[in-house]
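Subject: Structure handover

Dear colleague,

I am passing on to you the structure that follows, together with an account of what was found in it. Please keep it open while you read, as the notes below go through it part by part.

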Amino acid sequence: MKLKTKPLIRWWISGGLWLAAMMLSGCGSQAETAHIRGRVSLNGAPRAGVEVTFWNEGESEQFLFSTATDADGAFEVQNIALGGVRQCVVTFSKPALKNGQDLPTDVKSSEIDAIDLAPAILRDPKKSPVKTTVPTDDFQYDITSSKS
């Protein structure tokens with residue numbers, strides 16, 4: 001009787017090891033990732049702290065990722081898990097004091113009577129006319145604002 005159970009035990013062990021290896025390796029497929037690099041300016045000048053948000057164009061409420069520009073108006077995001085999304089709607093936000101100056105670093109826009117330098121249409125993923133295909137190394141956009 002013991003001779004018959006040994007092959008069965010080996011089969012279960014080898015099957016379990018194979019299953020574990022497949023689960024750990026993802027069956028050879030990895031989640032597709034992308035990168036995006038670009039520059040945003042405000043009234044023709046680079047501006048730090050502009051929030052750049054990417055949304056699934058097909059589902060304007062599906063947030064993909066967000067980042068902020070550096071002092072040169074540049075941003076870069078790597079290893080974005082897109083889940084097959086290629087076309088994105090882009091929105092922008094730049095909270096500021098009423099005079100258009102940057103908020104102090106220790107103040108949140110919700111704590112004071114701040115304005116947003118990006119026009120309302122550019123802040124809404126359902127209305128924004130700005131679209132791009134990802135991945136890309138050359139996203140460029142100039143926000144035209146009534147404040148400078």
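A word on strands before anything else: helices (H or I, at least four residues) and strands (E, at least two) are DSSP runs, and they are numbered from the N terminus. Please also bear in mind that this is a predicted model.

With that naming in hand, the loop between strand E1 (33–42) and strand E2 (45–46) is where Asn-43 lies. Asn-43 is not a glycine, and yet its phi is positive, at about 55°. Its relative accessibility is 35%, so Asn-43 counts as partly exposed. A second residue of this kind is Asn-79, which is likewise not a glycine and has a positive phi near 55°. Asn-79 has its place in strand E5 (residues 74–81), and it is exposed, because its relative accessible area of 61% is over the cut-off of 50%. As background to both residues, most residues other than glycine have a negative phi, and most peptide bonds are trans.

A further backbone feature is found at Pro-135, where the peptide bond coming from Val-134 is cis, with omega near 0°. Pro-135 sits in the loop between E9 and strand E10 (136–143).

Turning to the sheet, there is an open one of 4 strands, which run in the order E4-E3-E6-E9 with antiparallel pairing. Strand E4 (63–68) and strand E9 (131–133) are at its edges and have a single partner strand each, so that one side of each is left without a neighbour in the sheet. On average, and with direction ignored, neighbouring strands of this sheet are turned by 30° against each other.

Taking the pairs one by one, strand E3 (residues 51–56) is joined to E4 in the antiparallel sense over 5 bridges, and in this pair Glu-51 stands opposite Ala-68 of E4. E3 also pairs with E6, again in the antiparallel sense, over 6 bridges, and here the partner of Glu-51 in E6 is Ser-93. The pairing of E6 with E9, antiparallel as well, comprises 3 bridges, with Thr-132 in E9 as the bridge partner of Cys-88.

Ser-93, which lies in strand E6 (residues 87–93), deserves a separate paragraph. Is Ser-93 buried or exposed? Ser-93 counts as buried, because its relative accessibility of 17% is under the cut-off of 20%. Leaving out residues up to four places away in sequence, Ser-93 touches Gly-49, Val-50, Glu-51, Asp-116 and Ala-118. With one of these, Asp-116, the side chain of Ser-93 makes a polar contact of 2.5 Å.

Asp-116 itself is placed in strand E8 (residues 115–116) and, with 24% relative accessibility, counts as partly exposed. Apart from its neighbours within four places in sequence, Asp-116 is in contact with Ser-93, Lys-94, Pro-95 and Arg-123. A polar atom of the Asp-116 side chain also lies 3.0 Å from the backbone nitrogen of Ala-118. Finally, Asp-116 and Ser-145 are 29 residues apart along the chain, while their C-alpha atoms are separated by 9.3 Å.

With kind regards

Key: Residues are numbered from 1 along each chain as its sequence is written. This is a predicted model: local features need pLDDT of at least 70, side-chain atom pairs count only at pLDDT 80 or more; totals for chains, interfaces and linings use all residues. Side-chain values use heavy atoms; hydrogens and water are left out. Two strands pair if DSSP finds at least two bridges between them. Axes are lines fitted to C-alpha atoms, for helices over the stretch in contact, and angles run from 0 to 180 degrees between N-to-C directions. Buried means under 20% relative accessible area, exposed over 50%, partly exposed in between (1.4 Å probe, protein chains only). A polar contact is a pair of N or O atoms within 3.5 Å; within protein, one must be able to donate a hydrogen and the other to accept it, and residues adjacent in sequence count only if both atoms are side-chain atoms. Contact means heavy atoms within 4.5 Å.
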